[in-house]
Amino acid sequence: MHGIWWLVASLIILIIIPFSLKQDIKKGKKRTDLFINNCSLAVVFLVTIAQFFRSILSSKNMHFFDQLLLLTIVFFVVLPLVGILIFHIKEDIKKWQNPREYKLYFLYKIRYVLIAMLAVMVAITGYRFYVIFKVVFA
């Protein structure tokens with residue numbers, strides 16, 4: 001019975017994604033902004049599909065599906081996000097050096113602390129992906 005609810009949730013998210021894209025396109029957002037804004041909806045959609053399949057597939061088939069799902073998320077979500085980060089890093093560095101880009105001046109003063117915190121978060125996320133990869137492909 002729980003599988004039906006996961007299927008309904010995935011269908012609702014599948015309906016929401018085009019409306020979200022259409023609204024963002026009307027606002028005139030760039031392609032990278034479209035991808036970043038709707039990336040979380042795509043991941044939630046994949047997770048709801050995985051939960052649906054978990055309720056109907058055997059353990060052996062589900063293990064294969066988990067591997068496929070992880071690789072799909074890595075290739076179609078994580079790698080494009082890393083590419084966007086690398087592509088935009090030069091212009092972001094210029095913005096970090098300009099105090100007028102900050103709404104609050106004290107953020108300009110502690111920008112290196114904020115950048116270090118962001119780097120730590122990225123490292124932790126990379127480690128978590130490594131652990132998930134080891135568990136799924138063990």
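1. The patch covers about 590 Å² and is made by L71, F75, F76, L79, F133 and F137. Patches are built from residues with over 30% relative accessible area and no salt bridge, nonpolar side chains (Val, Leu, Ile, Met, Phe, Trp, Tyr) being joined within 5 Å and like charges within 9 Å. Buried stands for under 20% relative accessible area, exposed for over 50%, and partly exposed for what lies in between, with a 1.4 Å probe and protein chains only.

2. The model is a predicted one, in which local features need pLDDT of at least 70 and side-chain atom pairs count only at pLDDT 80 or more, while totals for chains, interfaces and linings use all residues. Residues are numbered from 1 along each chain as its sequence is written, and side-chain values use heavy atoms, with hydrogens and water left out.

3. As to the overall fold, the chain has five helices and zero strands, and the order of its elements from the N terminus is α-α-α-α-α. The radius of gyration of the chain is 19 Å, whereas a compact globule of 138 residues would have one near 14 Å; this radius is taken over C-alpha atoms, and the globule rule is 2.2 Å times the number of residues to the power 0.38. Along the principal axes, the C-alpha atoms fill a box of roughly 55 × 40 × 25 Å.

4. Of the 138 residues in the chain, 20% are buried. The chain exposes about 10700 Å², of which carbon and sulfur atoms supply 73%, the areas coming from the Shrake-Rupley method with a 1.4 Å probe and, for residues, only the protein chains shown counting as cover. Among contacts with a separation of 6 or more, 57% are between residues 24 or more positions apart, a contact being heavy atoms within 4.5 Å.

5. S20, placed in helix 1 (residues 2-26), is buried at a relative accessible area of 17%. Its side chain is joined to that of N38 by a polar contact of 2.5 Å, that is, a pair of N or O atoms within 3.5 Å, where within protein one must be able to donate a hydrogen and the other to accept it, and residues adjacent in sequence count only if both atoms are side-chain atoms. Leaving out residues up to four places away in sequence, S20 touches N38 and L41.

6. The whole structure contains two salt bridges, each defined as a side-chain nitrogen of Lys or Arg within 4 Å of a carboxyl oxygen of Asp or Glu. In one of them K29 pairs with D24, with the closest N and O atoms 3.7 Å apart; K29 is partly exposed at 33% relative accessible area, whereas D24 is buried at 6%.

7. The other salt bridge joins the side chains of D66 and R54 at 3.6 Å, N to O. Because D66 lies in helix 3 and R54 in helix 2 (residues 31-56), the pair ties together parts that are 12 residues apart in sequence. Both partners are partly exposed, D66 with a relative accessible area of 21% and R54 with 43%.

Terms used
Helix = DSSP H or I, 4+ residues; strand = E, 2+ residues; numbered from the N terminus.
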